[in-house]
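Please keep the sequence and the structure in view while reading.

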Amino acid sequence: MTEIDLSDPDTYLEGPPHDYFTELRASDPVHWQPTGDGGGYWAVLKHADVETVARQPLLFSSAARGVVLEDLDGERLEQMRGMLLAMDPPKHRQVRKPLTPRLTPRAVSGLADSIRGICADIFDSVEGREEVEFVNEVAGPLPTRVVGALMGLPRADWERIHHLAERVTHGQDPDYAEDSGGAATATTEMGAYAYDFAVSRAGREPDGEGDLTDALLAVMDPVAFATLFIQLVTAGQDTTQTMLSSGLLALLDHPDQLAALRNNPSRIPAAVEEIVRWANPLHYFRRTAMTATELRGTKIRKGDAVAMYYTSCNRDEDVFADSQAFDITRTPNKHLSFGQAEHFCVGVHLARLEGRIFYEQLLKRYTTIEQAGAPRRLRSNLNNSYKEMKVALKPR
Ligand code: HEM
């Protein structure tokens, strides 16, 4: 078996190495991946083992060295530790608490009309064009605008926030890395924006229940708000954009399933789930072992980095029948693309709602959708994303 470097962003340029993951799941499911700097990490590839790691947040810490593979310098690590994603219990639970009631299925359902309106605006903006670049012109604007609506941000600022979010998440791709400052500067800029926004809300009497910003500012100061804001905007941007664009590509590559969806739109929620399993927006998240332990018989040393590979565990043949197949009727569908346990995606219900409404509106509005050129993938070892996807959208 030829070794493939799972930490190298170039590895994913032609798509994830699914055959390699399949071989490793059978022969070396807790795989030591050396890295160029003389170090390395454990790539955890089986569904059950990813669950084991995710369910023990004190043994497998998010805060110790952060959740990405690259060891961050002091300032970046501190910045990351301010994020929910990189906190451990008990602090994590305390910070997450005010968010969850505002992001339940019932709470986010109140945004459905607003999401429909945002989709219509986006489709109107490309009306009459023969060809559109689906990732950035159609899928990309949705998540920031929805978070903008959720948090009551002025519309005039949505575009700016969107570009900042891209700079935070796409640093490994040369097309984005050179975009006026790296991830750290973009994070600082977004934090400053959020802080000023919070201060501008001082003394405001919310209408009715108010928006998410009102709810958060009732229990935290503008500095804490700014940090949570960065997390909400960045965690939901590339992931949701990918769900919408990679999902379209999966459907175009499986025309029988696209036709089935058009004939029976009540299948859209299950299709969204399968899109998120099969084209998982994130490849992995990382933890750090706080004491020596074992995983499937493999000894993990204290301090070792451990990466939970969603790209592999979502295709684990012990859990999913015909696991490599894209099947919009798959049920049950216990994929781990939204994580699991302590850090389970707090935006999951919003993401699902966005996916459902987006595909409903897209398929209703355009009777024919065709690829208009080869899509280009983002260079990243974390984001399983495209950066360009030209399509022709033909309305009824
Ligand atoms: C298809 C879309 C999405 C995917 C695939 C996704 C994936 C994930 C994953 C895998 C985690 C777990 C992180 C870990 O275990 O370290 C996570 C956490 C998180 N997600 Fe999402 N996400 C999506 C959409 C969203 C949206 C729309 C929002 C915000 C509105 C959001 C906000 C968050 C936040 C704040 C966390 C941290 C939760 C915590 O640490 O307690 N996500 N997401």
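A residue is called buried when its relative accessible area is under 20%, exposed when that area is over 50%, and partly exposed in between, using a 1.4 Å probe and protein chains only. Helices (H or I, at least four residues) and strands (E, at least two) are DSSP runs, numbered from the N terminus.

This is a predicted model, in which local features need pLDDT of at least 70 and side-chain atom pairs count only at pLDDT 80 or more, while totals for chains, interfaces and linings use all residues. Residues are numbered from 1 along each chain as its sequence is written, and side-chain values use heavy atoms, with hydrogens and water left out.

**Helix α8**

Helix α8 covers residues 141–151; nine of its eleven residues are buried, so the rest of the structure largely encloses this helix. Among the buried residues are P141, T144, G148 and M151. Just after α8 comes G152, whose phi is positive, at about 75 degrees.

**The iron atom and its donor**

Which protein atom is the donor to the iron atom of the ligand? The single donor from the protein is SG of C345, at 2.3 Å. Donors are N, O and S atoms within 2.8 Å of the metal (3.2 Å for Na, K and Ca); because water is not among the atoms, sites may look incomplete. C345 is placed in the loop between α16 (310–313) and α17 (348–365).

**Two further residues**

| Residue | Class | Relative accessible area |
|---|---|---|
| E273 | buried | 14% |
| Q56 | partly exposed | 32% |

E273 belongs to helix α15 (residues 268–278). Apart from neighbours within four places in sequence, E273 is in contact with N333, H335, F338 and R352, where contact means heavy atoms within 4.5 Å. Q56 lies in the loop between α2 (47–54) and β3 (60–61). Although Q56 and A341 are 285 residues apart along the chain, their C-alpha atoms are separated by 8.6 Å.

**The whole protein**

The protein contains 17 helices and twelve strands. Of its 396 residues, 54% count as buried. Among contacts with a separation of 6 or more, 72% join residues 24 or more positions apart. The C-alpha trace spans about 55 × 55 × 40 Å along the principal axes.
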